[in-house]
Amino acid sequence: MSSYLVLAGGLSPERDVSLRSGRRVAEALRTASGVEVIEADVDASLIEILHKHRPACVIPVLHGAAGEDGALRDVLTSLNFPYVGATGAAARSAFDKPVAKNLLARAGVATPTVLALPHATFRELGAGGLLTGIREYLGLPIMVKPTSGGSALGASIVRSAENFPSAMVGAFAYSEIAMMEQYVKGTEVAISVLETHEGVIALPAVEIVPESGIYDYNSRYTAGTTEFFAPARLSKDLAAECARIAVLAHEVLGLRDWSRTDLIIDEAGTPWFLETNAAPGMTETSLYPQALQAAGLNLGDITKVLVQRAIARG
Amino acid sequence: MSGSRLDPWVNSYAQRTAGMQASEIRALFAVASRPEVVSLAGGMPFVQALDMEMMAATVSKLLMERGAIALQYGSGQGDVMLREQILDVMAEVKVTAHPDDIIVTTGSQMALDLVTRVFCDPGDVVLVEAPSYVGALGVFRAYECDVVHVAMDDEGLNPEALSEAIAKLGAEGRKAKMIYTIPSFHNPAGITQSQERRTRILQIAKSAGILLLEDDPYGLLGFEGEPPAAIRAQDDEGVIYLGSFSKTIASGLRVGWAVAPHGVREKLVLAAESAVLCPSNYSQLTISEYLATQPWREQIKIFRDLYRERRDALLDSLDQLMPVGTTWTKPAGGFYSWVTLPDGLDATAMLPRAVQHLVAYVPGTGFYVDGQGRQNMRLSYCYPEPERIREGVRRLAGVIEGELKIAATFGTSSALRNSPGRNVPAPDLA
């Protein structure tokens, strides 16, 4: 019997998260399918491993560049290996947050105003005046983060003018382009989306209440530091609206199989689109597995279904 | 309605676990384990320099001749023969003792734990160098000690600063329980105390009635001349000496020791028995067999020569490549150099950029309990080959230059990412 290959790791700052996600997916798939599941890193040996094992399907569980930016998916396409998840082109649209936000805004979804600038622009025009202008345009507080990448790495909230420069430096440590986004205060929810032969469905929203008030790296990956509500404490109408947006994002961005959309619901009850992940985290503290559980589903069974779909589409 | 914290025991943990959290910095070290990255971060000894056939023969002989002892429980204080052999090893740093004064431990890290367990109640003050060994800080924190850093200078722990710290505590009606120091080839500072300095520090400790905890894992790894005489060589009542085979033989065997005054030693043995019953007999007898049958002094010379060559590669390339305003210590032994970045740069904030440029280091903040060290980094030269070290420094210089440009643009480098987690690599990271 042929094998499946779970790809995890890579050189991104989210390597550790990816390795943990990958191990979890591999184990669940192994149990659910009874098929041999190989785990591999993305390195110089990958092509050789692919040719040696000829896996029936590849499951990329990579976070950050090469995994989510579409490059690796294009490689798999060119080598004719079926894989779970978005195509390279679609993954690229989701990976670049300002691009994804623009596509969703054009589809009529509220999303916080954003500006995205490379370091060179600040150097050439002078950071002082530029930051003042941006501050006046967006209004404090401002969310600063790298345009790509996840796990809140390099992200920070600017609440006063003097913290703005250091927040920019923090974002530029992870990315060549930093985005500055209007900060929306409210309830954070994540809506996982699952695409099967029955269509694209939203799983129950997961509400995120970090103990520290900020859902940063520490709050994401230290069990116990964040309280999760699955399903989220939303009215039926609001839950339906969040689900609609997540499904819309999945479709507008052209994603496949699975995705996770992060929203923030302001005090007036308006959901604001923040981003969509084409390769959602699958660690012990990640949101997608919690949504599956809330829906009475099992990670292994679902991965098996998605693998079969990927094989069927070739 | 309450949600899920994904950990049913979240309200049951001891307060001392508060700092045991996921860390963004630690996540970056996961990338450093990839071969593309030149890691100047971890402190793994280069055990590949051991003759593995010889090690295999040593272990084989041990198991064939004394297997039933090696695989059995042993004494809580450690194997008698090994304790006698440790006397020969310590003679190199002029320490004399009786085998009964020695307790063998699971690496000297366990000795650190036992000493702290025996001496320190929550809130007790421990004086440490600024910066200090991260593993010791972790132990002191675990026992809820109040860690106070004392400044170092080019000769190590500064006596005036030490006296001032003791006096300041005295004015508050407090007295430190211990002074923790690494006199030779300091981790992370790469500095060695002169003999005069050692004597002065001992005098200060004795006159204040404070126990001196001397940690000496690198003492035999000096690059010039004789190994420096340990502080314990001057005094056998006021000093607890910690030694280790991790750097001179094999870190994976986890064998270290403490030499302590008899009253202390008895308590350490009882504490050890309650912690682990006894250190691994297998590891102890492997070390003992090795010391008895192999030219261990020659092997240490091989290690010294190898680390000297790597130290030279590091210092030469730092000299050639580092941007103006960067300074570093010039270690005469051991594994580490301590780098100070140009004004305005922050080594913690810069680490993601470094990792993306495929070079890793440990940011200085990991070696302090109080947030100092942002402008510093520890570079380790023990593991990578000299060519890789040069390539790593070349990449690091580029990263620092890039960071200088960003700092110039924004007038700051501090990203204020002060993660509460443990911001140092795991022990198995090169």
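A: Let us start with a working term: two residues are in contact if their C-beta atoms, placed from the backbone, lie within 7 Å. The model is predicted, so local features are given only at pLDDT of at least 70 and side-chain atom pairs only at pLDDT 80 or more, while totals for chains, interfaces and linings use all residues. Residues are numbered from 1 along each chain as its sequence is written, with chains lettered from A and ligands numbered from 1 in the order in which they are written.

Chain A is assigned domain 1 (4–85), domain 2 (93–110 + 185–313) and domain 3 (114–182), with bounds that come from an automatic or database domain assignment. The boundary to look at is the one between domains 2 and 3 of chain A, whose C-alpha centres are 25 Å apart. There, eleven residues of domain 2 of chain A are in contact with ten residues of domain 3 of chain A. On the domain 2 side, α5 (97–106) and α9 of chain A each supply at least two residues; helices (H or I, at least four residues) and strands (E, at least two) are DSSP runs, numbered from the N terminus. The largest share of that side, three residues, belongs to α5(A). By class it holds five nonpolar, one polar and five charged residues, where Ala, Val, Leu, Ile, Met, Phe, Trp, Tyr, Cys and Pro count as nonpolar, Asp, Glu, Lys and Arg as charged, and the others, Gly among them, as polar.

A detail of the backbone of chain A deserves a glance as well. The peptide bond from Leu140(A) to Pro141(A) is cis, with omega near -5°, and Pro141(A) sits in the loop between α7 (127–138) and β5 (142–146) of chain A. Val144(A), leaving aside its neighbours within four places in sequence, is in contact with Ala155(A), Ser156(A), Val158(A), Ala167(A), Met168(A), Ala171(A), Ala178(A) and Met180(A).

Moving on to where the chains meet, 32 residues of chain A are in contact with 35 residues of chain B. The elements of chain A that each supply at least two residues to this side are α1 (15–33), α6 (119–125), α8 (164–172), α9 (217–221) and β11 (226–229). Among these, α8(A) gives the most, with six residues. The chain A side has 17 nonpolar, nine polar and six charged residues.

Chain B has a domain boundary too, between domain 1 (21–43 + 298–410) and domain 2 (53–293). Their C-alpha centres lie 27 Å apart, and 24 residues of domain 1 of chain B are in contact with 23 residues of domain 2 of chain B. On the domain 1 side, α11 (296–321) and β11 (336–340) of chain B give two or more residues, with the largest share, six residues, from α11(B). That side divides into eleven nonpolar, eight polar and five charged residues.

The buried ones include Met110(B), Leu112(B) and Asp113(B).

Chain B has its own backbone details. The peptide bond from Asn187(B) to Pro188(B) is cis, with omega near 10°, and Pro188(B) is in the loop between β6 (178–181) and α7 (195–208) of chain B. Glu144(B), not a glycine, has a positive phi of about 60° and is partly exposed, with 14 other C-beta atoms within 10 Å. Leu277(B), not a glycine, has a positive phi of about 65°; with 11 C-beta neighbours inside 10 Å, Leu277(B) counts as exposed.

Terms used. Buried ≥ 20, exposed ≤ 12 C-beta atoms within 10 Å, placed from the backbone.
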